[in-house]
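Open the model in your viewer and colour it by secondary structure. The stops below go from selection to selection.

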Amino acid sequence: MMNSDDRAAFLAEFDVSRETSERLDTVILTLDAWRKRSNLIGPREWPQIWSRHVADSYQILPHIPETANCVDLGSGAGFPGLVISAARPKGHVTMMESVGKKCAFLRAAIDAAGLNASVYQGRIEAAPPSDADIVTARAFAPLPKLLEYAWPWMKNGAMGVFLKGERWNEELTDARQSWNFAYEAIPSRTGGSGVILIVRELKRGRR
């Protein structure tokens, strides 16, 4: 069962329009219907779905322009891809996921909430060329590998907006052994010592 206090705490923390709130409700209801058969969210996670997963995704929205074309890597249960799409209806989100049952859920949530988004099913390395302004990811891969995945879009000027956990600084040091980039680490509003890591001007090569 969903914890209504958890949803209320999320709405109290963030400025969410009625239309976005309705789309998010539809996404979460769809996730509730799919989560057990598809192993999308663990049972211990569900009571904190709004404060742990929706809020963690929602906090990156100040870095996502209204009409941005986004690519979300390793979309899984739709965080942050579905949340971005629910809050940015004038933009577009392409969610990339290799697991078929997760792709089926993502498509069901997109259809139910009427989102301007699409799903690419397959390995990121095999994805066809596409344009993007923003590349996002959450709990997907260590930063050096994540930058390799994001390279097809970031080499053309896309900005990375990555939700990273408490080891972000160690990952940053590792990544700078192989990549040059500018970055900004913004303390997470929801993840303890985690950060929103903004990465720009990505280039191959050790600094």
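Which handedness has the crossing of helix 1 and helix 3? The crossing is right-handed, a crossing being left-handed if the near helix is turned anticlockwise from the far one by less than a right angle, and right-handed if clockwise. Before going further, note that this is a predicted model, in which local features need pLDDT of at least 70 and side-chain atom pairs count only at pLDDT 80 or more, while totals for chains, interfaces and linings use all residues. Residues are numbered from 1 along each chain as its sequence is written, and side-chain values use heavy atoms, with hydrogens and water left out.

**Stop 1: helix 1 and helix 3**

Select helix 1 (residues 4–13) together with helix 3. Helices (H or I, at least four residues) and strands (E, at least two) are DSSP runs, numbered from the N terminus. The two helices pack at an angle of about 25 degrees, and their axes are 8 Å apart. Axes are lines fitted to C-alpha atoms, for helices over the stretch in contact, and angles run from 0 to 180 degrees between N-to-C directions. Helix 1 and helix 3 are therefore roughly parallel; angles under 35 degrees count as roughly parallel, over 145 as roughly antiparallel, 65 to 115 as roughly perpendicular and the rest as oblique.

Show side chains for Asp-6, Arg-7 and Phe-10 of helix 1, which meet Ile-49, Trp-50, Ser-51, Val-54, Ala-55 and Tyr-58 of helix 3. Contact here means heavy atoms within 4.5 Å. Sorted by class, this contact has 6 nonpolar, 1 polar and 2 charged residues. Ala, Val, Leu, Ile, Met, Phe, Trp, Tyr, Cys and Pro count as nonpolar, Asp, Glu, Lys and Arg as charged, and the others, Gly among them, as polar.

**Stop 2**

Leaving aside neighbours within four places in sequence, Ser-57 is in contact with Phe-79, Pro-80, Val-83, Arg-138 and Leu-163.

Two of those names lead to the next selection. The peptide bond from Phe-79 to Pro-80 is cis, with omega near 15 degrees. Pro-80 sits in the loop between strand 1 and helix 4 (81–87).

**Stop 3**

Select strand 4 (residues 134–138), where 5 of 5 residues are buried. Ile-134, Thr-136 and Arg-138 cover one side, and Val-135 and Ala-137 the other. Strand 4 pairs with strand 1 (residues 69–73) in the parallel sense over 3 bridges, and 5 bridges join strand 4 to strand 5 (residues 159–164), also parallel. Two strands pair if DSSP finds at least two bridges between them. Across these pairings, Cys-70 stands opposite Ile-134, Val-71 stands opposite Val-135, and Val-135 stands opposite Gly-160 in strand 5.

Phi of Ala-139 is near 50 degrees, a positive value in a residue other than glycine. Ala-139 is exposed, at 76% relative accessibility.

**Stop 2: helix 2 and helix 5**

Select helix 2 (residues 18–38) and helix 5 (residues 100–113), whose axes come within 9 Å and cross at roughly 150 degrees. The pair is therefore roughly antiparallel. Contacting residues include Thr-30, Leu-31 and Trp-34 of helix 2 and Phe-105, Ala-108 and Ala-109 of helix 5. The contact has 9 nonpolar, 3 polar and 2 charged residues.

**Last stop: Glu-201**

Finish in strand 7, where Glu-201 is found. Glu-201 has a positive phi of about 55 degrees although it is not a glycine. With a relative accessible area of 60%, Glu-201 is exposed.

Technical notes: Buried means under 20% relative accessible area, exposed over 50%, partly exposed in between (1.4 Å probe, protein chains only).
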